[in-house]
Amino acid sequence: MIDEKILSKLRASTEYISGEDLCKSADVSRAAIWKHIEKLREEGYDIEASPHMGYRLVGIPDRLIPSEVKWKLKAKVLGREIISYKKVDSTNDIAYELAEKGLKEGSVILSEEQEKGKGRHGRSWLSPSKGGIYFSVILRPRMTPNEIPKITLLAAVATARAIRDVTGLMAMIKWPNDILINHKKVCGILTEMKAEQDGVDFIVIGIGINVNTPHKQLPKLASSLREELRLSGKDEYVSRIELAKRLIECLEEDYFLLKKDGFRQIMDEWKRLTDMIGSSVKVVVQNRTFEALVHNVDPDGSLVVRRDAGTLERISSGDIIMLRQKTDE
């Protein structure tokens, strides 16, 4: 609590804050202030000290610290509680377990590293230390289980918007749960739920973003935000804290929009953020594999493809492999 009072005072100004002012804010002695300043420095905070002037916050650690993510966070429900770990098997597993114990809607689980990050169909998601955002959020919507694909598409829209806002990169959506930049995967989304036949108890949205992950640690056909910035001529690190904040804000904006006005506007935004419609794809579903053209996305979140014979088929699960992007006439 004392650490947070000191940080709150330092964050609020770019000027030096006197030791006396920090003492008043934290209600402790000057000796205690010095001890806590040293502790914060050990945690990675860059705090300058100047005789007769006081202390000034110069930099923050590259860690997803809950208090840093919450600082000036523009969200009312999502992110009210943030739990952060150094290493877990899977943030989705932690969130699911805590949701079963009653953790409130909007609670966010973050980790610096995952040992068993999860993708669709039981696949793994590479989650090296400090390279990405490994994030799960608990929602408790009034929905039926067959509406859950809408939440996955909503999460994709929010994630693409957040990446665009923070980096300026043209993040695009690939159905149902991938975010691509220059046709390379930078993010995956996994939605899990606990539900009865007539309603959902809770949903866990898991989002893994390759933020500053070194190229050599990435799987084939994948990339990171920093790598794509480098290729565009901007060799700079992306602030994981700022991206996590914006992701929480975009998720809340779109979630509230869904509850207030339904899925139509989310679906329109999804279509704006994808270049799949009109493209050739290979569909792998159950024991079938075939090529088709992407025709549309249904209001329930299913992908609609046009077969060679002209018939339309709805795809609610399976793998979609991009063959040729649509070309403008």
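Accessible areas come from the Shrake-Rupley method with a 1.4 Å probe, and for residues only the protein chains shown count as cover. On that basis the accessible surface of the protein chain is about 16700 Å², and 48% of this belongs to carbon and sulfur atoms. This is a predicted model, in which local features need pLDDT of at least 70 and side-chain atom pairs count only at pLDDT 80 or more, while totals for chains, interfaces and linings use all residues. Residues are numbered from 1 along each chain as its sequence is written, and side-chain values use heavy atoms, with hydrogens and water left out.

**Overall form**

- The protein chain has nine helices and 14 strands; helices (H or I, at least four residues) and strands (E, at least two) are DSSP runs, numbered from the N terminus.
- Its radius of gyration is 22 Å, close to the 20 Å that the globule rule gives for 329 residues, so the protein chain is as compact as a globular protein of that length. The radius is taken over C-alpha atoms, and the rule is 2.2 Å times the number of residues to the power 0.38.
- Of the 329 residues, 49% count as buried; buried means under 20% relative accessible area, exposed over 50%, and partly exposed in between (1.4 Å probe, protein chains only).

**Nonpolar cores**

- A nonpolar core is a set of buried Ala, Val, Leu, Ile, Met, Phe, Trp, Tyr and Cys residues joined through side-chain atoms within 4.5 Å.
- The largest such core has 68 residues, and Phe-135, Ile-209, Leu-225 and Leu-251 touch the most other members. Helix α6 (residues 148-167) gives the most to this core, with eleven residues.
- Another core, of 15 residues, lies apart from it and includes Leu-7, Ile-37, Tyr-55 and Leu-57.
- Leaving aside neighbours within four places in sequence, Leu-225 is in contact with residues including Ile-163, Ile-181, Ile-209 and Val-238; contact means heavy atoms within 4.5 Å.

**Backbone in the loops**

- Most residues other than glycine have a negative phi, and most peptide bonds are trans.
- Asp-27 is not a glycine, yet its phi is positive, at about 60°. Asp-27 lies in the loop between α2 (19-26) and α3 (30-42) and is exposed, at 66% relative accessibility.
- His-52 also has a positive phi, near 70°. The loop between β1 (46-50) and β2 (54-59) holds His-52, which is exposed at 87% relative accessibility.
- The peptide bond from Trp-175 to Pro-176 is cis, with omega near -5°. Pro-176 is in the loop between β6 (172-174) and β7 (178-181).
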